[in-house]
Amino acid sequence: MARPVLHKKAVVIPSHLRTPAQQAENFRRLRRDRAVETAQDYVEAIADLTATQGEARVVDLARRLGVTHVTVNRTLARLQRAGFVNTKPYRAIFLTDAGGKLADECKRRHQTVVSFLRSLGVAERIAEMDAEGIEHHVSPETLVAFERMLKRRR
C-alpha cells in the first residue's frame, strides 16, 4: 500500500487513493494559486514599467509577460475587481495602494531569492529565471532563512 508523502506540513495522498472530491479541491487550490501568481507577476511588471517608462500600458504588459493584449485586458479586469489596479480604456494602468504594496512585496521576495541563488554560485541569468518560479512558492519562513543566511555572508 502506498504511503502518504509529507509536503508543506500537509499529508499528500497519492492520486489513486484520493476521492473525486479531494481531487477537485486540489485542482481548485491549484487554480487559486496560479491566479495569485499571475496577480503578483502583473503588479510587479506594472510597477517596473511605471518606474522605467513612466507608465504601464496594455501593449507593454503583453510584450513583457509574453501574452496577448486580450489576456492582459482580462487579467486587468480581475485585478481591478480585486482592488490592485485602476484602468481606463486607452489610458495607462495605475497600481492602487494595495497593488503597490503587493508589487513591493513581490519585488523584495524576487530580489531575496535571486540573491540567495547567486550566493550559491548560480549564474545571474539562471538565478533570475529560477527566481520567477521560486518566489511564488517559497514560504515566509524560508525567505527569512534566506535573508538571515545572506546577512551572515556580508
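Me: What pattern does the chain follow, read along the sequence?
Reply: In this predicted model, the chain follows the pattern β-β-α-α-α-β-β-α-α-α. That corresponds to 6 helices and 4 strands.

Me: And how many of the residues count as buried, in percent?
Reply: The chain has 154 residues, and 27% of them count as buried. Its accessible surface is about 10700 Å², with 55% of that belonging to carbon and sulfur atoms.

Me: What share of the contacts comes from residues 24 or more positions apart?
Reply: Such pairs account for 44% of the contacts with a separation of 6 or more.

Me: What is Leu 76 in contact with, leaving aside its neighbours within four places in sequence?
Reply: Leu 76 is in contact with Tyr 42, Ile 46, Val 58, Leu 61, Val 85, Thr 87 and Ile 93.

Me: Where is Val 114 found, and why does it count as buried?
Reply: Val 114 is found in helix 4. It counts as buried because its relative accessibility is 7%, and the cut-off for buried is under 20%.

Me: What does Val 114 touch beyond its neighbours within four places in sequence?
Reply: Val 114 is in contact with Glu 124, Ala 127, Glu 128 and Ala 131. As for Asp 130, it lies 16 residues from Val 114 in sequence, with a C-alpha to C-alpha distance of 8.1 Å.

Me: Changing topic: what volume does the second largest pocket have, and which residues line it?
Reply: The volume of the second largest pocket is about 200 Å³. Its lining consists of Asp 41, Glu 44, Ala 45, Asp 48, Arg 64, Leu 65, Lys 107, His 110, Glu 128 and Glu 132.

Me: Which elements give two or more residues to that lining?
Reply: Helix 1, helix 2, helix 4 (97-119) and helix 5 (124-137) do. Helix 1 gives the most, with 4 residues.

Me: How do the lining residues divide into nonpolar, polar and charged?
Reply: The lining of the second largest pocket has 7 charged residues, 2 nonpolar and 1 polar. Glu 128, one of the lining residues, is also in contact with Val 114.

Note on methods. Residues are numbered from 1 along each chain as its sequence is written. This is a predicted model: local features need pLDDT of at least 70, side-chain atom pairs count only at pLDDT 80 or more; totals for chains, interfaces and linings use all residues. Side-chain values use heavy atoms; hydrogens and water are left out. Buried means under 20% relative accessible area, exposed over 50%, partly exposed in between (1.4 Å probe, protein chains only). Contact means heavy atoms within 4.5 Å. Accessible areas come from the Shrake-Rupley method with a 1.4 Å probe; for residues, only the protein chains shown count as cover. On a 1 Å grid over the protein atoms alone, a cavity is a set of points where a 1.4 Å probe fits but cannot get out, and a pocket is an open set with protein on both sides within 12 Å along at least five of seven lines; lining residues have an atom within 4 Å of a point. Grid points are joined across faces, edges and corners, and a volume is the space filled by probe spheres set on the points. Ala, Val, Leu, Ile, Met, Phe, Trp, Tyr, Cys and Pro count as nonpolar, Asp, Glu, Lys and Arg as charged, and the others, Gly among them, as polar.
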